Amino acid sequence: MYTEVVNLTRKLINIPSISPKDFGCQEILIERLKACGFFIERINFNDTNNFWAWRGYGKTIIFVGHTDVVPAGNIIDWKTPPFLSTIKNGFLFGRGAADMKGSLSAMVVAVENFIKQNPNHNGRISFLITSDEESTGKNGTKKVVSFLKKRQEIIDYCLVGEPTSEKNLGDCIKTGRRGSLSVFLKIYGKQGHAAYPDLAVNPIHKSIPFLTELSTLSFDNGNNFFIPTKLQILKISSGKNYVTNMIPGDLSVSLNVRFSSLSKKKNIIQIINNLLKKYSIRHSIHWTCHAKPFFSSPNNFCNIITNSIYRFTNINPVIKTNGGTSDGRFMVGIANQIVEFGLLNSTIHQVNECINILDLFKLQNIYFNILNELFL
Ligand SMILES: [Zn+2]
C-alpha cells in the first residue's frame with residue numbers, strides 16, 4: 001500500500017509543471033478522485049488550472065494544494081535530473097517533492113484509503129487544487145474561493161498541505177501567516193557639482209539618518225504566535241551617472257514589511273510617513289500590499305491534527321506563523337478553521353529538493369487519521 005503514495009508522487013514530479021503551468025498533473029489527481037466518487041469542477045482562469053472536488057454531505061474538510069512548482073534553478077548543481085524523480089538512500093529527489101507534490105499524493109492516497117474503508121462516511125471531503133501558487137496567484141485559489149463564496153459554500157476545516165515541518169516531520173504547523181507590504185520610495189535632493197555642495201542638496205547624505213532610524217523601527221511586539229513586525233531595506237540606488245563629480249538628484253529605496261495581525265497596514269504607513277516628516281524628506285512613495293496577515297485561532301481541528309501528528313511521530317508540533325505568504329490567506333472568510341501542515345521545508349525551492357520516503361508514508365497516515373477523527 002505504501003508504494004501507492006511514492007508512485008503517485010513520482011508521476012507528478014516527472015511532469016515539469018513550472019508555475020503557472022499544470023501540464024496534466026491535475027488530470028491525474030482528478031481521475032483518481034473521480035474513481036472514488038468525487039464530483040469534479042474544473043475552474044480554470046487564463047493560463048491557470050484549478051479544480052474543486054467534493055464527496056459526501058455535511059461538515060466539510062477541504063484539502064488545499066498546488067500542482068505548480070518553481071523552476072529547477074541552477075541545473076548543474078542538481079545531483080539528479082530535477083524533473084525525473086529519483087530514489088536514493090531512502091530519499092525521493094525532484095523538483096516539487098516537498099513543495100508540494102508529495103503532500104498532494106499523501107492527501108489523495110489517504111482519502112482513497114479512507115473511502116475504501118468507509119464508503120458511507122460522515123461529512124464532506126473536498127479538494128481545492130491550483131496551478132498558480134508559486135507565481136502571481138491571481139488566477140488561482142483566490143479566484144476559486146470567490147467563485148465558491150458566491151455559491152455560499154461553507155468549509156468547516158481547511159488543511160493546507162504546504163511544507164511546514166522544519167527539522168522533523170510534524171515539528172511545526174501553521175495557523176496563520178504574516179502579511180507583506182512593499183514600499184518604493186524616491187527621495188529628492190538637488191543635483192549639483194561635487195565641488196560645490198553648497199549649491200546642491202545631496203539626497204544620500206540627507207537620507208542616512210532617516211534610513212538608520214527606518215531600519216530600527218518597531219511596529220508591534222509580536223505575541224505567542226507572531227514574531228514582531230519587521231521592515232527590511234532591500235535596495236538603495238542613486239547616482240546613475242558614471243562621473244566622479246556629480247551629486248545625484250535623487251535616491252531610490254525599496255523596502256518590504258512583513259507584518260503580523262497585530263499591526264494594520266494603515267498604521268505601518270502612518271509610522272513610515274511620520275518618520276519621513278520628522279526628517280523633512282522630500283519624496284514620492286508607492287505602497288503595494290501583496291498579502292494581509294491572517295490568523296486562525298487554534299481549536300478542535302488544530303487539536304485533531306496535533307494529536308494525529310503525535311500518534312505517528314511522537315512529536316508535539318509548535319504552532320507558528322512564520323515563512324512567506326501562502327494560499328491559506330485566501331481561505332479566510334470561507335473556512336472556519338485553517339491549519340497548514342506538510343513535509344519538511346528544508347530543501348524547498350533549492351537545488352536537490354528531496355523528501356524522506358518514510359516521512360511521506362507518515363504524512364499519508366496522519367492525513368488518514370485526521371479523516372478518521374473527523375468523519376468516522
Ligand atoms: Zn508550496
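When neighbours within four places in sequence are left aside, Phe-127 is in contact with Leu-33, Phe-38, Phe-51, Trp-52, Ala-53, Ile-62, Phe-63, Met-107, Val-108 and Val-111, where contact means heavy atoms within 4.5 Å. The structure is a predicted model, in which local features need pLDDT of at least 70 and side-chain atom pairs count only at pLDDT 80 or more, while totals for chains, interfaces and linings use all residues. Residues are numbered from 1 along each chain as its sequence is written, and side-chain values use heavy atoms, with hydrogens and water left out.

Phe-127 and Ile-125 are the residues with the most contacts inside the largest nonpolar core, which has 59 residues. A nonpolar core is a set of buried Ala, Val, Leu, Ile, Met, Phe, Trp, Tyr and Cys residues joined through side-chain atoms within 4.5 Å; buried means under 20% relative accessible area, exposed means over 50%, and partly exposed lies in between, for a 1.4 Å probe and protein chains only. The largest share of this core, 12 residues, is supplied by helix α3 (residues 97–117); helices (H or I, at least four residues) and strands (E, at least two) are DSSP runs, numbered from the N terminus.

The protein is divided by its domain assignment into domain 1 (2–177 + 293–375) and domain 2 (179–291), with bounds that come from an automatic or database domain assignment. The centres of domain 1 and domain 2, taken over C-alpha atoms, are separated by 38 Å, and the contact between them takes 11 residues from domain 1 and 10 residues from domain 2.

In the UniProt record, an unreviewed entry, the annotation "active site" covers Asp-68 and Glu-133; such positions are given in the numbering used here, feature names are shortened, and annotations may be inferred rather than shown by experiment. Although these residues are spread over 66 residues of sequence, they cluster in space, with a largest C-alpha distance of 6.9 Å. Of these residues, Glu-133 is included in the lining of the largest pocket. On a 1 Å grid over the protein atoms alone, a pocket is an open set of points where a 1.4 Å probe fits, with protein on both sides within 12 Å along at least five of seven lines, and lining residues have an atom within 4 Å of a point.

Asp-68 is placed in the loop between β3 (60–66) and β4 (86–88), and it counts as buried because its relative accessibility is 0%. Beyond four places in sequence, the residues in contact with Asp-68 include Ser-17, Lys-21, Asp-99, Thr-130 and Glu-133. The side chain of Asp-68 is also joined to that of Ser-19 by a polar contact of 2.7 Å; a polar contact is a pair of N or O atoms within 3.5 Å, of which, within protein, one must be able to donate a hydrogen and the other to accept it, and residues adjacent in sequence count only if both atoms are side-chain atoms. Glu-133, for its part, lies in the loop between β6 (123–130) and α4 (141–150), and its relative accessibility of 14% is why it counts as buried. Leaving aside neighbours within four places in sequence, Glu-133 is in contact with Ser-19, His-66, Asp-68, Glu-162, Thr-325, Ser-326 and Asp-327.

Most residues other than glycine have a negative phi, and most peptide bonds are trans. A cis peptide bond, with omega about 0°, joins Ser-19 to Pro-20, and Pro-20 lies in the loop between α1 (2–13) and α2 (25–35). Another cis peptide bond joins Asp-99 and Met-100, with omega about -10°, and Met-100 is placed in helix α3. A positive phi, near 45°, is found at Ser-280, a residue other than glycine, which lies in the loop between α6 (265–278) and β15 (283–291) and is exposed, with a relative accessible area of 53%. Asn-314, although not a glycine, has a positive phi of about 60°; Asn-314 is in the loop between α7 (300–313) and β17 (318–320).
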